[in-house]
Amino acid sequence: MRLLVLGGTHFLGRHVATAALAGGHEVAAFTRGVSGAPPEGVRSLRGDRDDPAALPAALDGWAPELVVDTSCQSRAAARNAAAVLGNVRGYAFVSSLNAYANWPPGPIGPEDREPTWTTDDDEYGPVKACAERELGAALGNRFLTARAGLIVGPHDRVHRLGWWLQRIARGGPVVVPDALDQPIAAVDARDLAGWLVGMAERGVPGGVNATGPAGMATLGGLLELCREVTGGDAEWVPVPEADLVAAGVEPWLHLPLWLPAGIARTAWDVDTTRARELGLPSRPLRESVADTWAWLRTVEELPPPPHGLPRPGLPAELEAALLAAR
């Protein structure tokens with residue numbers, strides 16, 4: 001069938017386009033054209049989703065039957081897609097756990113029991129929740145919203161896992177939070193991508209918490225995997241949360257994937273029963289870590305993170321000060 005990827009040039013969208021090609025579809029990717037080209041074999045369509053005239057002009061009579069939407073970042077983008085693509089056979093939308101009004105800290109139960117944001121501000125979570133409503137109203141029971149959590153794997157420009165891999169590969173003393181037993185869950189972008197294509201093909205409707213199963217790993221276990229696959233001689237220097245906060249270390253940003261204890265206890269407690277029933281895979285985390293490291297070693301210079309996100313990682317001077325204080 002004709003499958004349109006909204007996005008399609010980096011990370012999840014790129015994997016979606018690749019999976020759709022592998023499934024025998026005729027694939028096009030609609031992007032702004034600022035993040036490179038889509039994979040070979042994918043028709044490249046250019047335009048700004050916030051412009052209501054851009055998508056019809058780019059399609060120019062090419063009528064998609066399926067859509068996987070990985071790039072919606074505004075209310076206008078959702079409205080414009082709903083106006084043009086409301087008649088497709090299946091539409092799989094990548095939302096976020098942030099669409100839930102009580103996440104973080106959670107926990108998050110079955111999808112139909114948790115409230116989503118209804119405010120009209122331009123924060124990430126409310127925008128995703130609004131997009132779900134706009135697109136859902138247009139597509140009805142042909143619309144699936146995949147509320148994703150942490151996505152990992154090759155081509156990840158956000159560079160949270162990548163930063164840990166590169167820092168651990170350099171070796172020596174490495175500042176880590178002393179709460180290495182806090183849980184964590186992730187989904188590999190390739191698993192999520194192939195599954196999204198399948199959901200669009202089948203026209204599966206409704207909300208799905210599209211992340212890894214609760215309890216699949218700990219932060220410490222993930223960092224150990226980073227040490228194993230890089231072969232480095234890194235030595236952990238655990239620092240208590242109070243000392244990290246006092247030194248100005250920002251959770252999730254300076255020490256990627258680390259959350260304060262009061263949030264971490266429940267943030268990863270997400271019910272993924274429906275995702276498992278619908279066949280969302282969960283490959284071994286070691287494979288995701290190893291493949292991300294293999295990809296990173298082929299990259300000369302990472303482009304900036306998407307959507308204006310700051311680059312993650314602990315500044316060298318801050319790490320030095322924390323190490324000197326131990």
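1. Basis. In this predicted model, local features need pLDDT of at least 70 and side-chain atom pairs count only at pLDDT 80 or more, while totals for chains, interfaces and linings use all residues. Residues are numbered from 1 along each chain as its sequence is written, and side-chain values use heavy atoms, with hydrogens and water left out.

2. Helix pair. The axes (lines fitted to C-alpha atoms, for helices over the stretch in contact, with angles from 0 to 180 degrees between N-to-C directions) of α5 (residues 160-170) and α7 (residues 219-230) come within 9 Å and cross at roughly 55°. That makes α5 oblique to α7, given that angles under 35 degrees count as roughly parallel, over 145 as roughly antiparallel, 65 to 115 as roughly perpendicular and the rest as oblique. Helices here are DSSP runs of H or I with at least four residues, and strands are runs of E with at least two, numbered from the N terminus.

3. Helix contact. With contact meaning heavy atoms within 4.5 Å, L161, W164, L165, I168 and A169 in α5 meet L222, L223, C226, R227, V229 and T230 in α7.

4. H155. Although not a glycine, H155 has a positive phi of about 75°, and its place is in the loop between β7 (151-152) and α5.
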